[in-house]
Amino acid sequence: TAFGLLGQEKESLMKQLNDANDTALKMQEEMECLRRERDLANAKCNALQEDCDGAKSNHDILQQSYNEICVKMALLETKVEESKYQLEEARSQVLKAQLSKEKALDEMKVEMTKDINALQGKNETMVATVKAGEMEICRMMSVDLESVDFGDGSSILNAVRSKVEEYQHDANTSKEF
């Protein structure tokens with residue numbers, strides 16, 4: 001059904017959203033770690049330049065490491081931005097799914113209200129038809145209509161039973177004569 005599909009789509013989107021959040025958090029932690037490594041490499045580089053001009057080879061190695069970290073950090077920052085974009089897209093899709101679900105629920109409520117109103121109308125018609133039939137039966141049997149509660153089936157049955165017993169008594173009396 002549409003609700004089932006919407007529910008599955010929502011669960012899938014929520015999983016994607018949670019996965020994107022987890023990935024973004026991991027990338028932020030890695031980026032922070034890389035920043036610390038970069039800062040440490042930069043500090044070592046500066047200290048080596050101040051302490052010893054002859055340690056140029058060490059400086060080059062550290063500078064290369066620093067550059068690699070910067071590249072990695074730039075790549076991670078790009079991935080973080082992509083994750084943020086994916087997260088926003090997932091949120092947008094979840095919102096669309098929720099709006100679609102709410103719209104479907106509203107439409108179902110309208111349809112159910114129409115169906116309930118139609119059934120209530122049919123029920124009222126059937127009740128009126130049954131009451132008219134009961135009144136006709138009572139009239140045909142000469143039952144006093146004022147003594148019968150037409151909303152109570154046992155009242156009608158008792159009135160008809162009494163009338164039948166009265167007719168049987170009259171018939172038995174007529175036979176005896």
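Which residues form a nonpolar patch on the surface? Leu-105, Met-108, Met-112 and Ile-116 do, with about 340 Å² of accessible area together. Patches are made of residues with over 30% relative accessible area and no salt bridge; nonpolar side chains (Val, Leu, Ile, Met, Phe, Trp, Tyr) are joined within 5 Å, like charges within 9 Å. Accessible areas come from the Shrake-Rupley method with a 1.4 Å probe, and for residues only the protein chains shown count as cover. Met-112 lies in helix α2. Its relative accessibility is 48%, so Met-112 counts as partly exposed. The exposure classes are buried (under 20% relative accessible area), exposed (over 50%) and partly exposed (in between), with a 1.4 Å probe and protein chains only.

The model is predicted: local features need pLDDT of at least 70, side-chain atom pairs count only at pLDDT 80 or more, and totals for chains, interfaces and linings use all residues. Residues are numbered from 1 along each chain as its sequence is written, and side-chain values use heavy atoms, with hydrogens and water left out.

Salt bridges were assigned next. A salt bridge is a side-chain nitrogen of Lys or Arg within 4 Å of a carboxyl oxygen of Asp or Glu. The count by this rule is 7. Helices (H or I, at least four residues) and strands (E, at least two) are DSSP runs, numbered from the N terminus.

Lys-15 is exposed, at 52% relative accessible area. Asp-19 is partly exposed, at 37%.

Another salt bridge pairs Arg-35 with Glu-77, and here the closest N and O atoms are 3.6 Å apart. This pair links distant parts of the chain. Arg-35 belongs to helix α1 and Glu-77 to helix α2 (residues 56–140), 42 residues apart. Arg-35 is partly exposed, with 25% relative accessibility. Glu-77 is partly exposed as well, with 32%. A network of salt bridges links Glu-32, Arg-35 and Glu-77.

Helix α2 also holds the pair Lys-84 and Glu-81. Their closest N and O atoms are 3.8 Å apart, forming a salt bridge. The two residues are 3 apart in the helix, so about one helical turn separates them. Lys-84 is partly exposed, at 42% relative accessibility. Glu-81 is partly exposed, at 48%.
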